[in-house]
Amino acid sequence: MRIEHEQRDGAWVVRLAGDTVLDAASAKQVREGILALLDRAPAIVVDLESVAFLDSAGVGVLVSVFKRARLARRRLVFTGLQPEVRRVLDLVRLTEILEVRPDLAGALRAAQRGASTQA
């Protein structure tokens, strides 16, 4: 899995590309890639549009980066959830905890609001 990122409107947008599965084989790389950006911007938008499936290791990555972002007082917003990914996150009730937006524009707006209130 490739981790692509770009700075946009004061936030880092992280896209997971290549492989469509976030699982044990890609979890460490994805986690480290996102965490490396935490110190570089007050907000990160993780675009999961190309991820068609995630297993428990993938769920663990999302929880892990969410917790680290909170501890670092950074905003982390997820977008682009495919139906299967949303189903898994709904099943474990993470959509009630993680900040999820239906599209990139909405995720960037949410990230900007959070970034402007971070000190």
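Mentor: Start with one term: two residues are in contact when heavy atoms of theirs lie within 4.5 Å. Keep in mind that this is a predicted model.

Which residues does Arg101 touch, leaving aside its neighbours within four places in sequence? The list is Val77, Phe78, Thr79, Gly80, Gly106, Ala107, Ala110 and Arg113. Take Thr79 from that list. Thr79 and Arg101 are 22 residues apart along the chain, yet their C-alpha atoms are separated by 5.1 Å. Is Arg101 buried, exposed or in between? Arg101 is partly exposed, because its relative accessible area is 27%, and the buried class requires under 20%.

Now follow the side chain. The side chain of Arg101 makes a polar contact with the side chain of Glu99, at 3.0 Å. Glu99 has another partner. Arg75 forms a salt bridge with Glu99, and the closest N and O atoms of this pair are 2.6 Å apart. Arg75 sits in strand 6 and Glu99 in strand 7, 24 residues apart, so the pair links distant parts of the chain. Glu99 itself is buried, with a relative accessible area of 16%. In general terms, side chains of opposite charge can pair when their charged atoms come close.

Next, Phe78, one of the residues that Arg101 touches. What does Phe78 touch, again leaving aside neighbours within four places? Phe78 is in contact with Val46, Leu48, Leu62, Val65, Leu98, Glu99, Val100 and Arg101. Both Glu99 and Arg101 are on that list. As a general rule, nonpolar side chains in soluble globular proteins tend to be buried together.

Helix 2 deserves a stop. It has 16 residues and reaches 22 Å from its first C-alpha to its last, close to the 22 Å expected at 1.5 Å a residue. Its buried residues are Gly58, Val59, Val61, Leu62, Ser64, Val65, Phe66 and Ala69. Two of these, Leu62 and Val65, are contacts of Phe78. The cover over the buried residues of helix 2 includes strand 3 (21-22), helix 1, strand 5 (53-54), strand 6 and helix 3. Asp55 caps the N-terminal end: a side-chain oxygen of Asp55 lies 2.9 Å from the backbone nitrogen of Ala57. Just after the helix, Arg73 takes a positive phi of about 60 degrees.

That backbone angle is worth a note. Most residues other than glycine have a negative phi. Where else does a positive value turn up? Phi of Arg93 is near 65 degrees. Arg93 is exposed, at 51% relative accessibility. Asp9, with phi near 55 degrees, is found in the loop between strand 1 (2-8) and strand 2. Asp9 also counts as exposed, at 51%.

Back to charge pairs. The count comes to eight salt bridges. Arg93 forms one with Glu96, the closest N and O atoms being 3.4 Å apart. Glu96 counts as exposed, at 57% relative accessibility. Glu84 forms one with Arg87, at 2.8 Å between the closest N and O atoms. Glu84 and Arg87 are three residues apart in helix 3, so about one helical turn separates them. Both are partly exposed: Glu84 at 29%, Arg87 at 46%. Elsewhere, Glu6, Arg15 and Asp47 are linked in a network of salt bridges.

Technical notes
Residues are numbered from 1 along each chain as its sequence is written. This is a predicted model: local features need pLDDT of at least 70, side-chain atom pairs count only at pLDDT 80 or more; totals for chains, interfaces and linings use all residues. Side-chain values use heavy atoms; hydrogens and water are left out. A salt bridge is a side-chain nitrogen of Lys or Arg within 4 Å of a carboxyl oxygen of Asp or Glu. Helices (H or I, at least four residues) and strands (E, at least two) are DSSP runs, numbered from the N terminus. Buried means under 20% relative accessible area, exposed over 50%, partly exposed in between (1.4 Å probe, protein chains only). The expected span of a helix is 1.5 Å times one less than its number of residues. A polar contact is a pair of N or O atoms within 3.5 Å; within protein, one must be able to donate a hydrogen and the other to accept it, and residues adjacent in sequence count only if both atoms are side-chain atoms.
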